[in-house]
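Open the model in your viewer and keep the sequence panel beside it. The tour goes stop by stop, with a selection at each.

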Amino acid sequence: MPRHRPHLAARPSWRCRVCGAAWPCSPARLALLGEYRGNRTGLLIYLGTMMYDAADDLTGQHPPETLANRFLTWARPR
């Protein structure tokens, strides 16, 4: 029986430990939306904290707006 493996970030690369995509990958985003259902502010605070850590680990590798799109833009209420 296959076990569910959470799609978590591997630091310092910020790639998914399961699928290797840039984190948060699509499965991680879906899981986070479910986990923070009804608490979009909490989700954005969590993602902002993760983005801050990623910016430190990925210094000079990505422009700030790229990280903002990757970590925050998808999670804003529509």
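Is Trp 14 buried or exposed? Select Trp 14 and show a surface. Its relative accessible area is 1%, so with a cut-off of under 20% for burial, Trp 14 is buried. Bear in mind that this is a predicted model.

**Stay on Trp 14.** The residue sits in the loop between S1 and S2. Check its backbone: phi is positive, about 60°, although Trp 14 is not a glycine. Most residues other than glycine have a negative phi, and most peptide bonds are trans.

**Next, the cis bonds.** Select Arg 11 and Pro 12. The peptide bond between them is cis, with omega near 15°. Pro 12 belongs to the loop between S1 and strand S2 (15–16). Now move to Trp 23 and Pro 24. Their peptide bond is cis as well, and omega is about 5°. Pro 24 lies in the loop that runs between S2 and helix H1 (26–35).

**Then His 7.** Look in the segment before strand S1 (9–10). His 7 has a relative accessible area of 17%, so it counts as buried. Which residues does His 7 touch, leaving aside neighbours within four places in sequence? Display Cys 16, Val 18, Cys 19, Trp 23, Cys 25, Pro 27 and Ala 28.

**On to helix H2.** Select residues 40–57, then pick out Thr 49 within them. Thr 49 is partly exposed, because its relative accessible area is 40%. Draw a distance from its side chain to the backbone oxygen of Ile 45: a polar atom of the Thr 49 side chain lies 3.0 Å away. Thr 49 and Leu 72 are 23 residues apart along the chain, and their C-alpha atoms are separated by 10 Å.

**Zoom out.** Switch to cartoon view. There are three helices and two strands, in the order β-β-α-α-α along the sequence. The C-alpha atoms fill a box of roughly 40 × 30 × 15 Å along the principal axes.

**Last, the surface.** The protein exposes about 5,400 Å², and carbon and sulfur atoms supply 56% of this area. Colour by charge to finish. The mean positions of the 11 positive and 5 negative charges are 12 Å apart.

Definitions and conventions: Residues are numbered from 1 along each chain as its sequence is written. This is a predicted model: local features need pLDDT of at least 70, side-chain atom pairs count only at pLDDT 80 or more; totals for chains, interfaces and linings use all residues. Side-chain values use heavy atoms; hydrogens and water are left out. Helices (H or I, at least four residues) and strands (E, at least two) are DSSP runs, numbered from the N terminus. Accessible areas come from the Shrake-Rupley method with a 1.4 Å probe; for residues, only the protein chains shown count as cover. Lys and Arg count as positive and Asp and Glu as negative; His and the chain ends are not counted. The place of a charge is taken as NZ of Lys, CZ of Arg, CG of Asp or CD of Glu. Buried means under 20% relative accessible area, exposed over 50%, partly exposed in between (1.4 Å probe, protein chains only). A polar contact is a pair of N or O atoms within 3.5 Å; within protein, one must be able to donate a hydrogen and the other to accept it, and residues adjacent in sequence count only if both atoms are side-chain atoms. Contact means heavy atoms within 4.5 Å.
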